[in-house]
Amino acid sequence: MDSIEKALVFDGQVKVVAFKTTDLVNEAIRLHSLSPLAAEALGKVLSVAAYMSNELKGEKEKLSIQVTDKGVLGSIIVAADSGAKVRGYVEHKDATLPPLGNGKQDLFKGVGSEGFITVIKDLGLKEPYVGKTELVRGNLEEDFAWYFTRSEGAPTALALNVTIGEDGSCLSAGGVIVQPMPNCPDHILVVVEDIVSNFADIGEVLRVKSPADILKDYFGHFQIEYFPPTVPEYRCKCSVEQMSNAVITLGRGDSVNLLMERGEIEVICHFCGKRYVFGKEDVVNIWRRYDHKL
Ligand SMILES: [Zn+2]
């Protein structure tokens, strides 16, 4: 079962989070019929978003992540609500490249390495927080480690893996994030670095250990304070009301033309693939409500 396990170790000097997101990635594959390349890339961004949204404090806080570059996958868009509830899509979900072997896809060419990671956090303040860093490797592991270090000012070791099997399903997904607090003493950093070297092949570690085991086995013998675990979930929030905005976006003229041409307007949610069909009466009501609001 998927889970996110968090702890503070070394008397609160280091934050460690281990997460398993296999079910989450498989749900994305099911909803979007992702190619293995798209599944690994979107799976990694969904996994990081699950971790990040689990760190949000307020129930109404939310965030979005955009990874944009010139790779064959196009843009990757993920949105997440507080408590590790995530959803996302890839612009070119069918894109494929020759795999690198060992269950790994060529993300360097798939994502690109000249674009950007942009994170927008809505923390209920007047202005959203916006963080943006350049992609450094395109594998999304080092790119997000760089994002946390550079944009959020938190030096971060990130081990991240999504393994897609021959049949296109996700065999294992997850990772470990280790963040020393500011002013963490050097002798602790040395120990932490040594532990982190065990996660070089995090895919292998996650195949035999649960996130709870990872915390216990690698960090349990230091002073450790566990937080309650979270179950990450793929959850879309689309609704008739929200999707009817797409009709408004079309404009009055185009929505009427489309209606005359096809008899209905079909809108498909990017995040979950759900179809919304608006007939003549619906469209009239959508515009009536819109005019009423003005
Ligand atoms: Zn949806």
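Two strands count as paired here if DSSP finds at least two bridges between them, and helices (H or I, at least four residues) and strands (E, at least two) are DSSP runs numbered from the N terminus. The model is a predicted one, so to speak of local features takes a pLDDT of at least 70 and side-chain atom pairs count only at pLDDT 80 or more, while totals for chains, interfaces and linings use all residues. Residues are numbered from 1 along each chain as its sequence is written, and side-chain values use heavy atoms, with hydrogens and water left out.

Take the sheet to begin with. Six strands make up an open sheet of mixed pairing, in the order S7-S6-S3-S4-S5-S11. Strand S7 (129-134) and strand S11 (233-234) sit at the edges with a single partner strand each, so one side of each has no neighbour in the sheet. S3 (residues 62-68) pairs with S4 (residues 76-81) in the antiparallel sense over six bridges, and Leu-63 stands opposite Ala-80 in S4. S3 and S6 also run antiparallel, joined by seven bridges; here Ser-64 has Ile-120 in S6 as its bridge partner. Ile-120 in turn stands opposite Val-130 in S7, and six bridges hold the antiparallel S6 and S7 together. These two strands form a hairpin with six residues between them, and Gly-124 in the turn has a positive phi of about 80°.

Helix H4 (residues 141-150) lies across S3, S6 (116-122) and S7, and runs at about 130° to S7. That angle is taken between N-to-C directions, on a scale from 0 to 180 degrees, with axes as lines fitted to C-alpha atoms, for helices over the stretch in contact. Contact means heavy atoms within 4.5 Å.

Next comes the packing. A nonpolar core is a set of buried Ala, Val, Leu, Ile, Met, Phe, Trp, Tyr and Cys residues joined through side-chain atoms within 4.5 Å. The largest one has 51 residues, and those touching the most other members are Met-52, Ile-65, Val-67, Ile-76, Val-111 and Phe-144. Helix H2 (residues 36-54) gives the most to this core, with 12 residues. Leaving aside residues up to four places away in sequence, the contacts of Ile-65 include Val-45, Ala-49, Met-52, Ile-117 and Phe-144. A second, separate core of 21 residues has Ala-18, Ile-214, Leu-215 and Tyr-218 among its members.

As for the aromatics, the structure holds eight pairs (ring centres within 6.5 Å for Phe, Tyr and the six-membered ring of Trp; planes under 30 degrees apart are stacked, over 60 edge-to-face, the rest tilted). Phe-10 and Phe-222 have ring centres 4.5 Å apart and planes at 35°, so they make a tilted pair. This pair links distant parts of the chain, 212 residues apart: Phe-10 is in the loop between S1 (3-9) and S2 (14-20), Phe-222 in the loop between H7 (211-219) and S10 (224-226). Phe-10 is buried at 10% relative accessible area, whereas Phe-222, at 22%, is partly exposed (buried is under 20%, exposed over 50%, partly exposed in between, with a 1.4 Å probe and protein chains only). Phe-199 and Phe-219 are another tilted pair, 6.4 Å centre to centre with 35° between the planes. Phe-19, Tyr-51, Tyr-147 and Phe-148 form one aromatic cluster.
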